[in-house]
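Hello,

Here is the structure I promised to pass on to you. Have a look, and then read my notes below.

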Amino acid sequence: MADATNLLVIDRLTKRFDSGAGLFAPRRSMTAVRDVSLAVSRGSVVGVVGESGCGKSTLARLVLRLLEPTQGTVHFDGIDLGKLAPRDLRKARRRMQMVFQDPYSSLDPRFTIEQVVGEPFTVQGEVLAPGRIAELLDQVGLAGEIARSYPHQLSGGQRQRVGVARALALRPDLLVLDEPTASLDVSIQAQIIKLLQDLKRDLGLTYLFISHDLGLVRYFCDRIIVMYLGAVVEELPSPSTEPRHPYTRALLDSTFSPDPGKRRHLASLTGEIPSAFNLPKGCAFAARCSRASSRCLSERPSLTMHASGHRAACFHPIADDEKEPS
Amino acid sequence: MGLLEVDRLSVGIGRLTLLEEIAFEVDRGEILGLVGESGSGKSLTALAIAGLLPLIGARVTAGAIRFDNTDLTRLDESRLRKFRGRRIAFITQNPMTALDPLQPIGEQVDVVARLHLGLTADVARSRTIEILTQLRIPEAATIYRQYPHQLSGGMKQRVVIAMALAGEPDLIVADEPTTALDVTVQAQIIHLLTSLVRERGLALVLITHDMGVVAQCCDRVAVLYAGRLAEQQGVNALFATPAHPYTHALIDCIPKDGMARDSLTGIAGSVPSVAHFPPGCRFHPRCIGRQSVCETNVPGATALPGGVVSCHFPLNGDQRHG
Ligand SMILES: Nc1ncnc2c1ncn2[C@@H]1O[C@H](COP(=O)(O)OP(=O)(O)OP(=O)(O)O)[C@@H](O)[C@H]1O
Ligand SMILES: Nc1ncnc2c1ncn2[C@@H]1O[C@H](COP(=O)(O)OP(=O)(O)OP(=O)(O)O)[C@@H](O)[C@H]1O
Ligand code: SF4
Ligand SMILES: [Mg+2]
Ligand SMILES: [Mg+2]
């Protein structure tokens, strides 16, 4: 049954990776994504933010079913992707597309830009309408001449525009953007973000936007999901919501404001990120957290609704009246 | 007069001029931020200061690099070695390549002190553990014996900083020391470098493309664009009243708290490569304030109250918000 508000609903998604037992290495297992639930309403931008290895790309691949989840479901426009036959899955996939982080390695160097952008049509066994490539390139702000160039002849920003054009080729409803600007200079990052905003408005798109940059996510997204070591630790209902989880707070404090008048004491965090193969029993953040109690070391907090009206997984969330550390 | 003075430095490879008339200085207890987008010449400037240009087949073609009143560009390799690693330490853009994967990290730090300070193995070892402890590496004596692959990225970066400190340098040139790290770890490392400068009176040239990092810890800033110096100012003035249109635009590219959606637009076009440097002001194709003179004439350096700008039509404070 189609869901009128939500285009994408992820429910208790878990992905475990088992590393094969070798001659000397014992079999090990790690949970890259643990029990993640989230809903993306039509026309909105939901941000997923977290540090390296927290499971962002794995989550993206699970959403597009490029990876099979160990547990949990993904509903796209009311359809359970896990229940689809391969043929139907391929049809569903044309409505959801991915833009990758690295515009250098995500474009095949042997193909011209025209071929790269036209590839989704070939994959879907579809005839390419005349003028469609030029139209797509124009949509992402590229001149038509570029069609006959090869990826290596383009700048990083141009390549990322090509990646967006290819994603738009089949007129999708949802774009999953996995760190689309992480390898670009800020002047180009800002161009691409502007482009994404314009496209969203003109084409009525919905975005799942993945990034490690909380400042960027707060600028661009309507709602923000914060991940730490595979699990959601906090959901911010709006970009300006004050964080309750100490990890989100630390992320925010580690984001350098480009204003020398607002210098603050940096480096609130000490301690090391635990190994994903050997997660502590309690809260995964406890070893680095200044608020950790003995309960945090023995018991894992679950996402619970707090007075402020949003969910955080913490036994000692930062309260309303607490001043932010200066 | 600064401890380090880079004076109208030009660098070339073959017939190509990669850097042209770069100038800035930095004194003890001071952090100079060297910023610019990819390909602007930051790493080349660092290599020049460290005397490592021959490694990539490049050379200084004009200007001087004065360190404690000695022009390093005039020294031969053997005299230069007395400075490099000893009085001038260099932290490269990719710290992972700076460490030998087959040697315990502690010994790698020892080597620097033994080579440059002539310490015995035992003395060097206890000094290394002391430095590692000062860098807040937990259980330094245990870590001392570990290999690089056993450490996290942030730990490895601290070991590289320990190697830089082991020779007791007066100047550290750090090329993007935190770019590969997570933001929470980056904050720790930047904090660490900042306190080293303040407590020990080191001079630091901090290379970064991150204007946020610059705003949070630098005293002075030199902005490079396409191999030339766009502007140099004190950090407060640079952010409050950037004089070069490029600096202004660069600051405006960073998302700030409470900024309205749609207010980020970026800078049209992209950074030109060496083979395609435009004539006149190299920023002119992307500049919203350009006039015809910008397309033909290279702008000279104009003095500012506390710095210098290279632009035919520098901004004044009022235009900044116009
Ligand atoms: N195919 C795989 N097999 C085994 N482990 C994997 C696989 N893919 C990812 N992982 C592990 O899962 C964890 C999460 O990885 P993922 O790429 O999703 O993180 P990420 O948040 O995207 O990180 P980054 O910011 O570095 O891109 C990591 O520890 C990674 O090593
Ligand atoms: N060995 C070389 N031969 C030719 N050109 C070179 C060489 N090394 C660097 N360059 C060019 O010199 C310019 C400056 O390079 P540099 O590495 O200093 O840039 P950067 O500011 O450090 O950039 P990034 O932020 O990407 O590290 C670039 O355009 C680069 O292509
Ligand atoms: S010289 Fe001209 S083109 Fe260059 S930055 Fe100044 S105004 Fe812009
Ligand atoms: Mg990733
Ligand atoms: Mg560099």
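(Helices are DSSP runs of H or I with at least four residues, strands are runs of E with at least two, and both are numbered from the N terminus.)

Some background first. This is a predicted model, where local features need pLDDT of at least 70 and side-chain atom pairs count only at pLDDT 80 or more, while totals for chains, interfaces and linings use all residues. Residues are numbered from 1 along each chain as its sequence is written, chains are lettered from A and ligands numbered from 1 in the order in which they are written, and side-chain values use heavy atoms, leaving out hydrogens and water.

Back to α8(B): the helix runs over residues 183-200. From first C-alpha to last, its 18 residues reach 25 Å, close to the 26 Å expected at 1.5 Å a residue (1.5 Å times one less than the number of residues). Of those 18 residues, 15 are buried (under 20% relative accessible area, with a 1.4 Å probe and protein chains only).

As for the whole of chain B, there are 13 helices and twelve strands. Its C-alpha atoms fill a box of roughly 65 × 50 × 35 Å along the principal axes. Buried residues account for 54% of the 322 in the chain. Among contacts (heavy atoms within 4.5 Å) between residues at least 6 apart in sequence, 64% join residues at least 24 apart.

Enjoy exploring!

Conventions: Buried < 20%, exposed > 50% of the residue type's maximum accessible area, 1.4 Å probe, protein only.
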